[in-house]
Amino acid sequence: MSAKLGEILVRENLISSQQLREALDYQRTNGGRLGSNLIKLGIISDEVITAVLSRQYGVPSINLDLFQIEEEVVKLISHDVAIKYSVLPISKVGATLTMAMADPTNVFAMDDIKFMTGLNVEPVIASEAGIQKAISEYYASSKELDLAGVEVENDFEKITEKLARKNGLNGKGGVKVAGDEAITHSDLDVSLDQFAFESGDTEELEVVEENDEIDLAELAKASEDAPVVRLVNVLLVDSLRRGASDIHVEPYEKDFRIRFRIDGLLYDVMHPPMKMRDALISRLKIMAKLDISEKRLPQDGRIKIKVKIDNRSRELDFRVSTLPTLFGEKVVLRLLDKEKLMLDMTKLGFEERSLEMFKRNIEKPYGMVLVTGPTGSGKTNTLYSALQSLNTSETNIMTAEDPVEFNLKGINQVQMKEQIGLNFAAALRSFLRQDPNIVLVGEIRDFETAEIAIKAALTGHLVLSTLHTNDAPSTVSRMVNMGIEPFLVATSVNLIQAQRLIRRICSECKEEHEIPVEGLIEIGFSEEEADELTMYKGKGCDRCNNTGYKGRVGLFEVMEMTDELRELVIIGASSIEIRKKAIETGMLSLRDSGLQKLRDGITTIEEVVKETVA
């Protein structure tokens, strides 16, 4: 843009060639935009440059002093992004965001903001000074350090100094990590978008050393700066406060993004400066006891932390996975919070008839119970709930898991280690020599594991396992495709259950919602029922972060293997035929389960349609 702007100003006799050369020389020495430098040197006014750009690019110009921007609109982009690109959101209409920009040709800024907000960006031109002034005014209420007019990437030294000056404030609301200085939540909010800690939420955070394999404090001091350490601490603790299940740390060519998965959906949390990328990822790898020098291969590890909240100490596990991508390593941390583990089957969302079938089959002395669904559909929670109900002193329960997510008292859990040959098949063979009553296999992935699991089910053991299939009937075809004979599937499998997780309507802002009768009929309700049904939705409140949803509940499709179904499996019937017969004999499909949740006012039509098919 600079050269073009200079040429335009000279062509319109607004500045001379000599003045342009002077401004370009100043720009080479001091950086910044040409327009800003022309103004600093007193060669031209801000208003003239704005008018010229407006004419040149056919983009309207505005005076920000005449606008009152709504707080909800300002929150659509972070303070850091506004400063970085010298932009300010003005208004949002439908899926279009009107954005005041000092440089309307900055496609990188527009692409980034479109990516972050999911909205189409419509630029208007405003003077750079006006934008900086408005940013200071509209973001002043936040706890962030005011960086108006300073590039975020170049300002972390100042932040470090600010943090250093505030050391020693580990009173109520402070966070402390082994080997690091104390810091208050207001300090942690420095230049970190959307991090608003409640005072007293968290008091202490310490890394739990296991077998003292690595001196974490030593490594952290040697390889990382204080702001990075504090940023990682904030991420780990705030993920718990927000109820996140996963943290995604994602490097791109010109961006570094951190997202939280909350109730199944990913939300942007912050975009730290690119210069922090390697240090932040290394910090996470050190905490997870991974090799920080290995950046070409995926690695898996675990972070264990203790968090003191309201004078009560809690232990949290984070399962850490790194993956080399085009622009650096992506790190995903899965939060394994024992307090979120729901071991009461009556609270998972089962319909009464489905729960009765499931309980009846897990209480049988032998046979196989399979739970299917995509990643993140709650299969592990369901199986742990089943094990908990079967866990007595008279029962020997053994599990083969990859990874072991939660430690269950009284159950023998084995962690798979493929690199030394300990896979599901090897573990299962050993289990059968350990006199088990109940065996849980984390996942049936291949013929060998499926074959041993079926043999175990046919020789007096109850076998629980998972598969990745779309619904219950197609699981039969999947096993046959693996190479298992149909008659073995028919005789060994007691029950197949498919499940999904959908979001619950927030109880705080739940309200009635009018849905056309035709829409209700289209998703599966009868005409009579559609006339009488009341639908609900969440209006959006502070408790649910204005999403209208809080928490999740399961949809369950439970197919019990009756004699009629076994006959169909043996003769090689298709999934469609098996599904038809299963529904005739009492199976509720995933869509039926979703319709029941709508009748009970638990969720919305959008959630049910998103996860099920009619």
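Reply: Let's start with a helix pair: the axes of helix α16 (residues 424–431) and α17 come within 8 Å and cross at roughly 20° (axes are lines fitted to C-alpha atoms, for helices over the stretch in contact, with angles from 0 to 180 degrees between N-to-C directions). That makes α16 roughly parallel to α17 (under 35 degrees; over 145 is roughly antiparallel, 65 to 115 roughly perpendicular, the rest oblique). Their crossing is left-handed, with the near helix turned anticlockwise from the far one by less than a right angle. On the α16 side, F424, A425, L428 and R429 make the contact, and they meet E448, T449, I452 and A453 of α17 (contact: heavy atoms within 4.5 Å).

Bear in mind that this is a predicted model, where local features need pLDDT of at least 70, side-chain atom pairs count only at pLDDT 80 or more, and totals for chains, interfaces and linings use all residues. Numbering starts from 1 along each chain as its sequence is written, and side-chain values use heavy atoms, without hydrogens or water.

Helix α17 (residues 447–458) also gives six residues to the largest nonpolar core, the most of any contributor. (Helices are DSSP runs of H or I, at least four residues, and strands are runs of E, at least two, numbered from the N terminus.) That core has 55 residues, and M368 and M559 touch the most other members. To count, Ala, Val, Leu, Ile, Met, Phe, Trp, Tyr and Cys residues must be buried and joined through side-chain atoms within 4.5 Å; buried is under 20% relative accessible area, exposed over 50%, partly exposed in between (1.4 Å probe, protein chains only). Apart from this core lies another, of 32 residues, including V249, L316, V331 and L335.

So who does M368 meet? Leaving aside neighbours within four places in sequence, M368 is in contact with I444, A453, I454, A457, V463, M479, S492, V493, N494 and L495. A453 is also one of the α17 residues in the contact with α16.

Not counting residues up to four places away in sequence, N494 touches N361, K364, Y366, G367, M368, E560, M561 and R566.
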